[in-house]
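This briefing concerns ligand shells and a sheet. It is arranged by topic and follows the display below.

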Amino acid sequence: MIRWLTYLAVLSVSVAGIVVLAAHGTMRAAETPPENSATAASPAALLDFPEGTATPSDQCGACHQTIYKEYSEGAGSDLHWAEMKLLSLKDKALAFPKGSSLSPTAHSVAGTDPFPLEAMQVEENGKRCNVCHYPQPIEYPDMAATKIEKAKPRAANQEVGITCASCHLTPDGKIRGPYAVEAPHATVKDERTTTSIACAVCHSEGERVIGKQTQTFLEWREDFRKPGLGPQQCQDCHMPKTVRKLAEDFDVPERVVGRHLWTGGHSFQRTASALTLSINQTEVGMPQLVFHVTNVGAGHSVPTGSNRRAVYLMAEIVNGKGKVVATKEWMFAPWMLGRPDDKAFLDEDKKGHDPIATSQADAQGPHETIIRAGEQRVFDWTPEIAKGGYTVRARLIYDLNRYNDRAFKDDQNELTKTTLEIAITKQLASAR
Ligand code: HEC
Ligand code: HEC
Ligand code: HEC
Ligand code: HEC
Ligand code: HEC
């Protein structure tokens with residue numbers, strides 16, 4: 001009770017808290033004491049969140065200040081956002097409004113980042129996208145569920161994006177977290193908050209289809225967790241831990257906190273840690289090359305998630321004069337649908353769901369599938385080159401949007417590169 005009185009005292013002096021409470025009028029007396037909550041015995045007023053997952057995150061940020069700075073500004077991350085082009089170089093550049101942070105987390109900008117907004121507008125006004133991009137409070141599925149069911153979409157206030165409440169509010173209006181705490185809102189201790197199941201509903205859809213997009217949780221469960229490649233949950237890689245207070249102005253102990261940063265495709269460090277690349281000449285004197293691309297860093301396929309992502313393996317052979325004499329390129333990317341992207345379906349695509357996105361994917365034709373957790377992919381190349389000395393150069397490039405002009409580089413970054421000196425002393429049977 002003494003601790004609870006302290007909260008109320010803090011509440012009445014916390015300027016930010018008061019502004020938030022006054023502005024949204026969310027303070028009310030708890031008519032029925034919430035179950036399973038450390039505050040159940042307390043007669044004190046509890047905050048509730050009538051706007052549900054559309055509750056703006058700065059309301060929570062008034063008390064959870066550092067977490068809010070991580071979420072909204074990427075404080076402590078290497079996140080960086082650049083302009084995006086949808087298709088052609090001539091398209092207008094999609095950028096955040098001037099003055100915005102350029103290192104916010106993707107969750108916090110899910111309602112303002114112009115790339116998904118434009119993409120949603122062209123497809124049925126986003127109707128089918130909102131189940132993940134703006135869901136109502138989610139229930140955690142069963143860890144072993146064969147099918148990940150969709151959440152219900154939220155109709156209102158999409159501009160607030162994926163909010164604190166999107167992940168923390170339960171369907172019955174409590175705030176879930178890993179601890180048993182006393183808080184000025186109803187809380188429920190749920191240890192599953194620190195496991196991959198907390199991410200499943202938005203980071204997977206339907207049943208496992210190897211190679212398809214929106215499969216990250218299922219890729220983790222089937223390819224990483226099940227065979228025992230590692231003990232890590234999503235949070236262990238994407239929410240690295242530290243020790244500090246959860247709510248700075250309150251008389252509470254320091255606790256272990258997962259940093260709310262979620263670095264992914266917009267982080268050089270994250271993407272660069274996923275894959276390694278090596279080149280070998282399989283037979284001395286012959287132009288027979290192999291490239292090994294190995295998923296050593298991701299707990300799922302690479303690139304995972306949206307079908308827009310791609311990784312290119314680009315190889316070239318340079319002669320003694322510095323001239324490029326042969327080039328070769330492979331693209332690996334998630335399929336749009338549950339089958340390989342294929343030009344043969346272009347007419348059918350026009351009649352189906354998401355006609356623009358499906359035809360974009362199929363127009364690129366067949367390509368390499370994504371590299372699964374722990375997988376080493378081997379690419380062979382036997383270039384037709386004359387006898388002599390050469391340098392083989394190879395690079396891996398990550399692309400946030402494989403559908404726009406490849407000459408647009410602001411959405412690409414080099415993951416790694418390597419070279420090999422080779423001497424060709426024998427001719428291939430096919431070469432003259
Ligand atoms: C309520 C739905 C939801 C939940 C739950 C959720 N995410 Fe996300 N996540 C999204 C959406 C939507 C995006 C893309 C937002 C955008 O770019 O507009 C995203 C983006 C990301 C990205 C960044 C990708 C990039 O482009 O940089 C990472 C990493 C990520 N989520 C990890 C996680 C992890 C780990 C968890 C579990 C702890 C999690 N997410 C839980 C919906 C969710
Ligand atoms: C008026 C201040 C205040 C506001 C506003 C507030 N919280 Fe809290 N919250 C607290 C305090 C205090 C604790 C307990 C901290 C502790 O004991 O370490 C807490 C605890 C939590 C926990 C940990 C729960 C657990 O069981 O582990 C989560 C998660 C959380 N809050 C999320 C939120 C979210 C999401 C919002 C907005 C929808 C929010 N909070 C709004 C003060 C606040
Ligand atoms: C994408 C989902 C997601 C969003 C958005 C999100 N959180 Fe969390 N939060 C989590 C997960 C998962 C954990 C558990 C992390 C771990 O493994 O320790 C967590 C933990 C917490 C905790 C307890 C400390 C800890 O790390 O265990 C607090 C407090 C909290 N979040 C507050 C917030 C606030 C405030 C916001 C908005 C500024 C927010 N969260 C946004 C997923 C989210
Ligand atoms: C062992 C560490 C590790 C684990 C465990 C892990 N990830 Fe990742 N994650 C990575 C790496 C490395 C990348 C960068 C490569 C890529 O994009 O596939 C990444 C990228 C991502 C992205 C960015 C995709 C994009 O398009 O920008 C998302 C989203 C994501 N992970 C979600 C998750 C979720 C959800 C889980 C749990 C089901 C998870 N990750 C488990 C290491 C990990
Ligand atoms: C199954 C959940 C889910 C559905 C359904 C979904 N998305 Fe996403 N989307 C995500 C997640 C999670 C990410 C984060 C990156 C990743 O995983 O690759 C994302 C990322 C994106 C991005 C890239 C954002 C960036 O800034 O790089 C775009 C664009 C996008 N989605 C558009 C759409 C559109 C358009 C639709 C509907 C036709 C849609 N999404 C449906 C979950 C979903």
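Which element gives the most residues to the shell around ligand 2? Helix H7 does, with three residues. The model is predicted, so that local features need pLDDT of at least 70 and side-chain atom pairs count only at pLDDT 80 or more, while totals for chains, interfaces and linings use all residues. Residues are numbered from 1 along each chain as its sequence is written, and chains are lettered from A and ligands numbered from 1 in the order in which they are written.

**Shell around ligand 2**

- Ligand 2 is surrounded by 28 residues, a residue being counted if its C-beta atom, placed from the backbone, lies within 6 Å.
- Cys60, Cys63, Gly177, Tyr179 and Ala183 are the closest of these.
- At least two residues each come from helix H3 (57-61), helix H7 (164-168), strand E4 (175-177) and strand E5 (187-189); helices (H or I, at least four residues) and strands (E, at least two) are DSSP runs, numbered from the N terminus.
- By class, this shell around ligand 2 holds 18 nonpolar, eight polar and two charged residues. Ala, Val, Leu, Ile, Met, Phe, Trp, Tyr, Cys and Pro count as nonpolar, Asp, Glu, Lys and Arg as charged, and the others, Gly among them, as polar.

**Shell around ligand 5**

- Around ligand 5 there are 23 residues, with Cys129, Cys132, Glu205, Gly305 and Ser306 the closest.
- Helix H5 (114-122) and helix H6 (130-133) are the elements that give two or more residues to this shell, and H5 gives the most, with four residues.
- The shell around ligand 5 comprises ten nonpolar, six polar and seven charged residues.
- Ligand 5 lies between domain 1 (2-258) and domain 2 (268-334 + 370-424), because both give residues to its shell; the domain bounds come from an automatic or database domain assignment.

**Four-stranded sheet**

- Four strands form an open sheet in the order E12-E11-E14-E15, with antiparallel pairing; two strands pair if DSSP finds at least two bridges between them.
- Strand E12 (324-332) and strand E15 (412-424) are at the edges with a single partner strand each, so one side of each has no neighbour in the sheet.
- Strand E14 (residues 388-399) pairs with E15 over twelve bridges in the antiparallel sense, and Gly389 stands opposite Ala423 in E15.
- Strand E11 (residues 310-319) is joined to E14 by ten bridges, with Thr391 in E14 as the bridge partner of Val318.
- E11 and E12 are joined by eight bridges and form a hairpin with four residues between them, where Gly322 in the turn has a positive phi of about 85 degrees.
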